[in-house]
Structures are given as C-alpha cells and as structure tokens.
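Work through the exercises below with the model open. Try each task before reading its solution.

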Amino acid sequence: MTATIDAAPRVTEPEDVPRRISSRESLQDRIFAAGARGIGLLVLAIVSAIGLFLGLQAIPTLRHYGLRFFTEYRWLPDRDILGIAAVLVGTLEVAIIALVIAFPLALATALFITDWAPAAARGALIRLVDLMAAIPSIVFGLWGLDLIEPHATHVAHWLSKYLGWFPPFHVHTDVNYPVWNQSPGYASYEGSAAMAAIAVSMMVFPMATAVMREVFSQAPEGEKEAALALGASRWAMVRTVVLPFGRGGIIGGTMLALGRALGETISVVLIISQAFQVKINVLASGTATISSLIAEGYREATPSQLSALLTAGFVLFLVTLLVNTIAARVVARSRHGGATEL
Amino acid sequence: MTATLDHDETTEAVPPVARPDGFAGRRRAAGRTRADNYAYLGAFAGSFATTWVLYEHVLPFSGKVGFVLCWYLLLIAFTAGITALIAPRHLVADRVASVVVIGAPAIIGAALASMVIFTVYRGFHALTHANFYTHDMSGVGGLDGLSHGGVLHAIVGTLIEVAIAVAVSLPLGLSTAVYLSEVGGRGSAIVRTIIEAMTALPSIVAGLFVYTVLIVDLHFPSSGFAAAMALSVMGLPIIARAADVVLRVVPGGLREASYALGAGRWQTVWKVVLPTARPGLATALILGIARMVGETSPLLLTTGASTFFNSDPFTNPMNSLPLFVFDAVRSGEPAYVARGYAAATVLLAIVAILFLIARIVGRERRASR
C-alpha cells in the first residue's frame, strides 16, 4: 500500500515486484531437524522391532498348538499341553475386581478434589495422588499380603457364607468352619483372585483418579455457578453439570486403569497361590494371570516353551493395547478445546 | 418445604417464610449450617458405636477390613436418617453424597498411611543396624541375625541399573518428544501412534523380551546391563509420551513470537520451548524415573539376584532393591523378611526423595518467573 503511494511520483523507477521471501533454513536448523527426525525414526525402528519380534514369536507357537492354545486351560510343559484359557480368565478376573474396588474410590476422590476440598488443600491432594502413583508395586504387594489379607479373608468368608448362592462368591468348602481352620484339601480364602485384586486396585487408583480429576476440573465454571444460583445443592450441581461433562473422563480413566491392572505382576505373584483352573469363584484360593505365569515359568522354559510364554505375553500386550486405544479415544473426545493459546 | 410452596397459590402474597429454626437475621451463605455439623458428628459417633457393638459383641464377625466397611455403610445410613429429621429430601441426598465422597479419600488415606507405617514398622529393627547399609548378603546364612549382612549391594545395583536405563532412555525419549511436537512432518504421526501403542507393553513382557533376545539368543550373561536394557525398553515409550504431552501444552503463540523475532527452529526450541516446558518436563521425567526405580518384574527375569557386592554391570549377576525385597519376603525366614521390609523402606525413601526433587525443580522455576 505504502509502496504504491511512494512510487506514484517517480515514474522512472522500475515496476514494483514483491520482495522474494527466502524460507531456506540455516545450517543449524537443518542439522537440528535432520537429527531430531533421525532419532525419532531410530526410536520408531527400535520400538516397532520389539512389537514385530513378539508378533513373529507367536507364529511357531500358534502353528504348533493351533487354536487349542486359547481354549486349553492346563499349562503342562512336560506333556506338551500348553494353553492360556485359565491365565487369560484369571488376568481378566483380577483386573475387573480391582476396578470394581478402585472405580468408586477413584470417582469419589476425584470429585472430592475438584468440588468438595477447600481450594487451599487441592494442590496438596493432587500431589499426594501423584506420589501414590510412584509407590513401587512391591510395597503394595507386601501391604496386601501381610496387612490386608488376614483381615480381608474374614470378609470373603462372610460373603461366601451368606451370599454363596451368587456364583462368584461361592467357595467349595464347608463355610461353617472358621477362616483359620479350613479342613485340609478344601479351598481356603487366601491367595484368591479377590485378594490379589485388593493390592492391584490400590495401584491403579492413582491413574484413574488423575484422569477423572483432570476432566472434572475442566467442567464449565459458568454452568456450575448457574446451577448453584438456581438453588441446587452441591450434589445436585455435581450430578447435573460435572458428571455429565466428565463422562468421557470417567470411562477413559477407568479403561486406562484397566490397562494397567492387566499387566500388574509382582503384587499378584506375591499374593496368589498359582493354580491353572478356569473358575468364576473368585473368593476361592488359587488363580493365575498371564504375568504370574511368565514370572514363575520363564526359568525352566525350553526355547519352544519360551516362545509360548512370549505368545502369552503378546496376547496380554494386544489386550492392553486395545483397552488403552479405546481409552485414549474416549478421553480425547471428551476434552474440549485443549490448551489455551496465547 | 419446597413441595408445599409449589402448590400454594398465594405464595407471592405471604412474607418470606420463617425458617424452621426461627433464625431471622441475615442469611449466611456458607455451605454448612451448625445443624449440619451436629448431624455429621452424630452420625459419625453413632455409626462407630453401633459398628463396635455389632462387630465386637453381638455378631460373630471379626477382621478390621470388615469393620471399616461396615462402619462406612452405617455412617451413610446414619447420615441419611439424621438429616432426614431436619431437612427436605434433596438436602438428604446432598448430605449422603457428601459422606460418600469424603469417605472415599479417607479410606485411601488410611490405606496409604497404614502401608507406609506398616512397612517402616516391620523393617524398623533391621534399619537400626548400621551393617544393614554397609554390608552385602554374601556368606549370610538363613538363620543369621540382623547384625549380619545388609543391602548395600542391592542399593548400588538399583542405582547403577536405573542410571544406565536413564542414560539410554532419557535422551532418546526427550529427542523423540521434541521431534514429535517441534519438527513434525509426515512420519511423526506414525511414530506417535507406535509410541503410544508401546506404552501399553506390560513390564513383564518387556523383561521377557530382553531375557529371550539378550540372554537366551545372544548368550549374554544375566547382569545389571540386561536389567537396564529391560528397564529402558519399558521406560522409553513412557518417557517419550510424557515429554510429548508436556511439550504440546507449550502455547503456540510463544513459538510464533520467537519466529517473528527472527529466531530459527533450533533457537526457538532451545531458548523458548524447552525453558518454558522445563518444570513440567522435570516433573514428568522424574516421575518416570521413580516408576523405573520401583519396577520389579523386568528385573526378576534379567539380573539373576546376586548376594554379593558387584558394581560391574556387564559381568556378574547383580541385585536390586525391589528384587531383594521380593526374594527376602518369599523366603519366609524371619530375619530375611525383616530385611525385606527394611529394604522396602529404603525403596520408599528413594522414591520420596525423587518426588521431592521433582517438586523443588517444578517450583523453583515458577518462583523466578
């Protein structure tokens, strides 16, 4: 604009051409971009090589055992009978019970942090949940094994005695015997899937809480205040504004926690008594998960059994991957806008 | 109360309804009245007393977990009952929801506190022996007392293994995050998808992978280096993803301002993006490291738990704190179990220190801004 006004009187000047903008990057920038891209592709190669390796390892196993690998519940390397039906069911049982315990606690804690706690305490509570996420799993295992299990078996006993008609609570034993005096040869209440799930629930609780809290804290302030101004009590406000807004976070956080619960190893290995049975009586002693199978079985494994273990691990990876992908989708869809731009 | 008002045709004519408690002054806008506080207190005390009578004396129950569960349920019931005497139904729902919501973090807090106290209490006896910090377990028999042996080898093992794993996975993970969020391009979507997928890799499977490739196929000995590789395989996607999330939150306006001033891409990343993201990056990375410190299952497969001091990660087996705890507690010998709990306390202390460092690094920056 200014150029045309300037140029108007001087007729002799050559015609205006737009200044050529050079977008050639400096050497420094080219080195940086190439280096970063190189490292990114290197990491891609490493990481996908791991996934590929696991996938390729599964081929000989699946060729040898066929689909029976998924329906066989016994794991008898000596007789060449291997299958993951029991461990797959055990893994799902432990993870689902852990979620049944952790979900209400995480939901209520997330609501407490965003809507009940005084503003001054909010930061400290968030930090405490973060700290809980960093506690080593072995410590949760010790806590579940030595402190909680002796008391929790009483609850399991009570459930099986009075609610034993509900199949998951049934235990094949004489329920009138006290907990500490089970007749030999019968199932006891220790080392069950439910006991392991208590420790696992404490491990996945921080993850579920963190995701839910983050989504709840983004609930629109105006609508919350509008609800309160209309005379809603705090619970009515939470029920009508915060919970509908945070539904994606609730589902996504729970599924991320499920993904973590599926792969948990050490606390489960510490607590359960390993047994390869497909059963829904989760209060009865004896279960096995894919990760406990790997932790207990790798040492004596021949190369072909190692490949079977890797296949079991690959199945676990795929299940976790599926759960995490769905969770990421749900959480991403529930986030409105994202980061604020300056 | 509200129900009667709704059906009353002459509502607008009558003066403001007197409150049931006869209070006529300025309305206090607090969330809770004194009556509410008394109701909570009454429900709290009443439910505790009832649970105690039922649990310890009337019914044949026992076990502390059941006691707490029973108390929690009765507390909810008592709150509902007492509030129903003085308030309309929608307020009862609010009070019950409050008790439920406040009760959950209380249970978690109790679990967390009992966990820390229990671990320190069971390990306290071993922690008071100086040799616990200065000796290893070589030549210590199953029945030797706590004045023999220690966990120096496990502490050193953990530090070496985590240091190698961090040295491998931190630069790679951070550079990948910079590539994903600052360089981008056609390949970056694939890299991001694959990395997000690999965060789903369970740690035991990472351990089994390294065990199969490094130890079985390549005949590498069980060693600290193999363990560090397993930790790296597990930690690399976690660190890359955490750093990527932090970098993506840096406002795009800052980058544009930097380009507008004539800075190049490298200068923008180095002088603007990374310093802005520093507190968040530090927190995310240190939390990732804390997770590596406490991880047990990949170590179980790769280090071959030694009882002697070994600071060479390449030749002989090594031990580490989580693995030591696992083996010690499983052995069942009282002295070993006590050492296991003491080692778990040391592990908790290391995690707490890392967490404190993360807080300090995160806060220092905010103060100087």
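**Exercise 1. State how many helices and strands chain A has, and how much of the chain is buried.**

Step 1: chain A has 13 helices and two strands. Helices (H or I, at least four residues) and strands (E, at least two) are DSSP runs, numbered from the N terminus.
Step 2: 52% of its 342 residues count as buried, meaning under 20% relative accessible area with a 1.4 Å probe, protein chains only.

This is a predicted model, in which local features need pLDDT of at least 70, side-chain atom pairs count only at pLDDT 80 or more, and totals for chains, interfaces and linings use all residues. Residues are numbered from 1 along each chain as its sequence is written, chains are lettered from A and ligands numbered from 1 in the order written, and side-chain values use heavy atoms, without hydrogens and water.

**Exercise 2. Describe helix 9 of chain B: span, bend and cover.**

Step 1: the helix covers residues 224-249 and reaches 36 Å from first C-alpha to last. That is close to the expected 38 Å, which is 1.5 Å times one less than its number of residues.
Step 2: helix 9 of chain B bends by about 35 degrees at Gly235(B). The bend is the angle between axes fitted to the seven residues ending there and the seven starting there. Pro237(B) follows within four residues.

**Exercise 3. Find which residues have the most contacts inside the largest nonpolar core.**

Step 1: a nonpolar core is a set of buried Ala, Val, Leu, Ile, Met, Phe, Trp, Tyr and Cys residues joined through side-chain atoms within 4.5 Å.
Step 2: the largest has 195 residues, and Leu309(A), Leu201(B) and Leu208(B) have the most contacts inside it.
Step 3: helix 7 of chain A gives the largest share, 16 residues.

Notes:
Buried means under 20% relative accessible area, exposed over 50%, partly exposed in between (1.4 Å probe, protein chains only).
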